[in-house]
Structures are given as C-alpha cells and as structure tokens.
Amino acid sequence: MAFDGFVIAHLVAELNHTICNAKISKIAQPEHDELLFTIKGNGAQYRLAMSASASLPFLYLTSANKPSPLTAPNFCMVLRKHIAGGRITKISQPGMERIIHFEIEHLDEMGDLCTKTLIVELMGKHSNIIFCNQDGMIIDSIKHVSAMMSSVREVLPGRTYVLPATQEDKLDPLQLAEESFMETAMRKPVSIYKAIYGTYTGVSPIMAQEICFRASIDGDMPTSALTPDDKKHLYHNFFWLMEDIKKHDFCPNIILKGEEPLDFFAVVPTMYQIAVPDFGDDEKRFVCSQPVGAQGSSLSVKEENKYRMLRYRSISAVLEEYYAAKNVYTRIRQKSVDLRRVVSTALERNRKKFSLQEKQLSDTAKREKYKIYGELIHTYGYGLQEGAKKLEALNYYTNEMITIPLDETLSAMENAQKYFDKYGKLKRTYEALSELIEQTKAEIDHLESIATSLDIAINEDDLVQIKEELTEYGYIKRRRSDKKAKTKSKPFHYISSDGYHMYVGKNNYQNDELTFKFATGNDWWFHAKGMPGSHVIVKTNNEEDLPDRLFEEAGQLAGYYSKGRGGEKIEIDYLQRKNVKKPNGSAPGFVVYYTNYSLTIRPDISALTPVD
C-alpha cells in the first residue's frame, strides 16, 4: 500500500479545494482509533473519515456514515468541547511527510477567537491523531504514547508536540537538488531504490521503484553500478516527478491484480505498463486493462495481463473504494483463518497418506511375476533335483527363458505354493490399497473444493455453509449445544450481455442446489475442467438457439470461480444439465458426465457485473 507523501500531497490539495474555510458540524468516534467529521461549507456537506489504525491508517472524504457508540469516548468529547462549530482555516503537509495539519479557528468559553491544530500522522503502526493548542502543546491524542512505550517521543497531554524522529535525517524531495542527490542518495552502499526512499521523506519503496523505472534503470542494482550519465538521468526523472507534485498534476488510480486491489497511487505507475484511460462524461472512474507494452518492461506479457487500472476523479474516491475492497479481503481472511487451518491440516495429512499408499501399491507390482513363477514350477518342476537353488524354464507367456530362485530346503511343489501365497497376499493388498487410494483421492478432491470455496467467500454468511460442511464430514467436531447453522448466503447472480441469467455456486452445497434442484434439464452447466471450482448454471428459458457470447461469458465465470483463476487460459467443460449425474453417496458438489463440449477461456470477469 502506497500511503506515502505523494498520496498525502494529493489529499491535501483536494481537501484545500473542498473543505478549507468550511465549518465542523459534527464530530463522532465510531471506532476506538477512528474519527468521522461532518463538515458544512462552500455550498455542500462533506464527511471526513480518518483512522490511526496500525494496520490500515487512512484519511479521506466519504459519503458513507457510520453508527457511533451511545457514549462518546473521551477523545471525541475533548474535540467536541473545543472545535465543534469551528472553521478549518488551513490544511497543510510539512514537507512530504505522511502528516496532515488542520488549523481550526473557534470561540473559547469567553467568546475569544482561538486556533487549535489537529495533526493526523499516517505512519503505519506509529499512526496517531493528535490535538494541540496554538502553542503546540498536546491537549489530547487518540493514542497515548508514554516513555515506557517509546523512548524517542512521548505523546501525552501537556507535552510539546514534535515531529516524529524517524524522518529527521531525511531530505525533503520538494527541495530536491542535483548536488545533494549525488552526494547523499547516490553514495549510499545499497540498491538504487533503497537509496532513494532511504534518503527522502514521503517516498515509499514502490514509488522509488517507479522513479527507477521511469529512468529505465533496474532499481535493484547497487548505486555503484551507475555511470555519471545514469545518475543524472535518474535525478532528472525524480525532479520531473516532483515538479508534477508541485503543480498538483495528479492521476488518482487503483491497480488491480485479478479482482483484488493491489495498490493505489496519486500518479500514474508506469511500471505496470497499463494504458491511462480517459473519463466518460459521467463516470467517477474508468477501467483499463490493455497494457501499453513499453520498451524495457520488467513484466512479461503474461504478468501484464493480470493487472488492470481503475482511474478516479479524486484521491478520496480511490481511498474509500480501496479500503472498502481491501477490508472485504482482509476481514474474510481473518474470519476464515481457523477454517483454512482445518482444511490445510486435513489436506496435508491426506496427501501424505496418499503418497504412502501409492508407494505401497507400487510394491505390489511384482505380484503377477510370483503367480507366473508358481505356474512354471508346477509345469516344469517335476525334473528338479533335491536341493536345487534355481529353475531355468521357458516362460510360455513371453516365449523367453527365465531363471526362478528356489528355496533349496523346500520341494518343487512347496516352492510353487510359496510363490502362490506371495501372489495372493500382494493381490489382496493391491485390491485393498486401490480402494483406499480412491477414497483418499476423493477426500483430497473434496478438501481442495472446500479450499476453493474459502477463496471465493466474500462474507461471513458464505463461511457458515463451509463450516457446516466441514462439521458434517467430521473435520470439525459438533458440540452438543450446536445447532445446524442457518445461512443467508446465496449463489452469485450475473446477467449476460444478451440478458440471460447466470448463477454461480459459492460452495459445494450451493453447487448441488443449483445443479440438481434449481436448474432444469435444458439449462446449460459449466465447470472448469479437471480442477475444483463452482458450478455455473445458465437459465435458457427452454430456448435452443443461444448466442455464442453467452457461452463465453458463462465459461469466464466458471474459470474465474475455480482453482485456476490465476491462470492465463483455462479449459471449460459445458453440457446441458440433463446429462450431469450425481453418484450415490458422493460428496457435495461431486458429479459425473460422459459427453460434453469444451472451450478455452481467459478467466477475466471484469466486463461482467453481479446482480445484487
């Protein structure tokens, strides 16, 4: 995540354009480390959300409201006492620091005009929101930092506010000069991109890589590998980027990898090789997935095709959507961590068992040889002398001479019986292992399908059905007090470009429900070939002449909601629902079919929008 000085600079420019000189109408603290201001002015109403969360700190304008606790926390009460009804007079960023200062004018208890400063530090685990008086003394903060917690800087009421010491030895890139660049950054004995972000404030590692890419330089090379011309060219690209920041020449965007938000930027990240789209008349964003393919790209074509750009009209819109989308992935992964552990443990155990069973099965491969040895001894053993250690005989199955080892203490018939006994034992082992391997393979397939369902899940209701399936099959113990879980989870629902309804199962229970209860015989059924994935049902309304585009879009859904969603191409099987069968006693989601059509698709559903 690139919540760096570049994003802050864009955010400050946007806030000065929207809420500067506006009045603070309401102050709420919906979470212990989050504030929500309602601000009125300039003919509009705004909501300003900010968070000092150690994992996801943020600040942006939003249209969404959040419920507040019945009793406001102390910090919220302090802010209401001092600046409720106050006017924001100045919004600034010190240098390129990840810090925003809000200067607020208000009337004190005596009716005199006073100025307070709200300082929002967006610095990862060190993030904080600090409230100071006009002399720079801390009135309160959303997080108190004592000397026991930090020997570098105390953040407590009554202390004087000072900038975080973590940045004091860095230079301001807004004051970038060639001489200091050459004398500081380019003399550090580290890789080039590390030298840049280690020297200048507000430059994140990914933006340092972007500066190197713009200069057509490998950022992982050591600074000593650069020629004087290379260093000058790198400096100029850095300088031109900072000139764009000074002129407020921004291009807010989100980079997606598949459907998951990868990162956000205030400028165009050219290293992803994605064309910069233009806006439509009424769009807040424009999606572009076509790579430019510029010279010197460090990304292969296969990698390029995984990335897409969402371009926005404001950095607040970027941050709001990014955090909303990221929270979905983060929250569900946190909620599903126990289920993932159960599945991964069971998978590991079954894969080890499967490997051992296959090794044991390979040891039974010589059973037929022992059977032939016994038969040949029966046929030719009448001429054996007592105490013979071997028998040379013609193998009438292959018409070749073979040598059969014998136990000299046994008679010919006893040797034959010994080989028949070995054959019988190995045959029984083979039959038992073949059945066990089939069961183990089916269990592995079942667990892999559950793992894919966990990857597809987007809310807690989706996890309820997956947990119920794990409980039903004994992977999770059901306590006596537990009742069968009820869920509101429903399959994904899409409408094709030609108006046909397409449904996608999120888990094995939904796959069974869609295929064998919801679909009719003439509906079409889609599934990724040879891998765990969702069943996709296309409702045909008993029509026979269906457009080709419908099959492609349904295939894209089947590919995307499968284990192979990260691949470049996936083969999809499709056939009419009436030809799909479910074996008796098979696990949920397991089906068989014997005649089908196939198509190869790219698992990209960016052009398809789910129906709420």
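# Reading helices, strands and loops

Me: H9 and H11 make a left-handed crossing. What counts as left-handed in a crossing?

Reply: A crossing is left-handed if the near helix is turned anticlockwise from the far one by less than a right angle, and right-handed if clockwise. The model here is predicted, so local features need pLDDT of at least 70, side-chain atom pairs count only at pLDDT 80 or more, and totals for chains, interfaces and linings use all residues. Residues are numbered from 1 along each chain as its sequence is written, and side-chain values use heavy atoms, with hydrogens and water left out.

Me: By what angle and distance are two packed helices described?

Reply: The description uses the angle between the helix axes and the distance between those axes. Helices (H or I, at least four residues) and strands (E, at least two) are DSSP runs, numbered from the N terminus. Axes are lines fitted to C-alpha atoms, for helices over the stretch in contact, and angles run from 0 to 180 degrees between N-to-C directions. In this model, helix H9 (residues 337-362) and helix H11 (residues 412-456) have axes that come within 9 Å and cross at roughly 155°. H9 is therefore roughly antiparallel to H11. As for that word, angles over 145 degrees count as roughly antiparallel, under 35 as roughly parallel, 65 to 115 as roughly perpendicular and the rest as oblique. The contact of H9 with H11 is made up of 15 nonpolar, 5 polar and 8 charged residues.

Me: Which residues count as nonpolar, and which as charged?

Reply: Ala, Val, Leu, Ile, Met, Phe, Trp, Tyr, Cys and Pro are nonpolar, Asp, Glu, Lys and Arg are charged, and the others, Gly among them, are polar.

Me: At what angle does H11 pack with H12?

Reply: H11 and helix H12 (residues 460-472) pack at about 165°, with their axes 10 Å apart. The two helices are therefore roughly antiparallel to each other. The crossing of H11 with H12 is left-handed. Contact means heavy atoms within 4.5 Å. On the H11 side, His446, Ile450, Ser453 and Leu454 meet Leu463, Ile466, Glu469 and Leu470 of H12. By class, that contact holds 5 nonpolar, 2 polar and 1 charged residues.

Me: Now strands. How many bridges does DSSP have to find before two strands pair?

Reply: At least two bridges between them. Strand E6 (residues 99-107) and E7 pair in the antiparallel sense over 9 bridges, and Ile104 has Lys116 in E7 as its bridge partner. The hairpin of E6 and E7 has 5 residues between the strands, and Gly111 in that hairpin takes a positive phi near 85°. E7 is also joined to strand E8 (residues 128-132) by 5 bridges, again in an antiparallel arrangement. There, Glu121 has Asn128 in E8 as its bridge partner. With 6 residues between the strands, the hairpin of E7 and E8 includes Gly124, whose positive phi is near 60°.

Me: How many residues of E7 are buried?

Reply: Buried means under 20% relative accessible area, exposed over 50%, and partly exposed in between (1.4 Å probe, protein chains only). Strand E7 (residues 113-121) has 7 of its 9 residues buried.

Me: In what order do the strands of the open sheet with E16 run?

Reply: The 6 strands follow the order E16-E17-E19-E18-E20-E21, with antiparallel pairing. Strand E16 (492-495) and strand E21 (597-601) are the edges, each pairing on one side only. On average, neighbouring strands of the sheet are turned by 25° against each other, direction ignored. E16 is joined to strand E17 (residues 501-504) by 4 bridges, and Phe492 stands opposite Val504 in E17. Helix H13 (residues 508-518) packs on the sheet, where it touches E17, strand E18 (524-528) and strand E19 (536-538), and its direction makes about 140° with that of E17.

Me: Where is Leu171 found, and which residues is Leu171 in contact with?

Reply: Leu171 is in the loop between strand E9 (138-141) and helix H3 (178-183). With a relative accessible area of 33%, Leu171 is partly exposed. Leaving aside neighbours within four places in sequence, Leu171 is in contact with Ser180, Thr184, Thr199, Tyr200 and Thr201.
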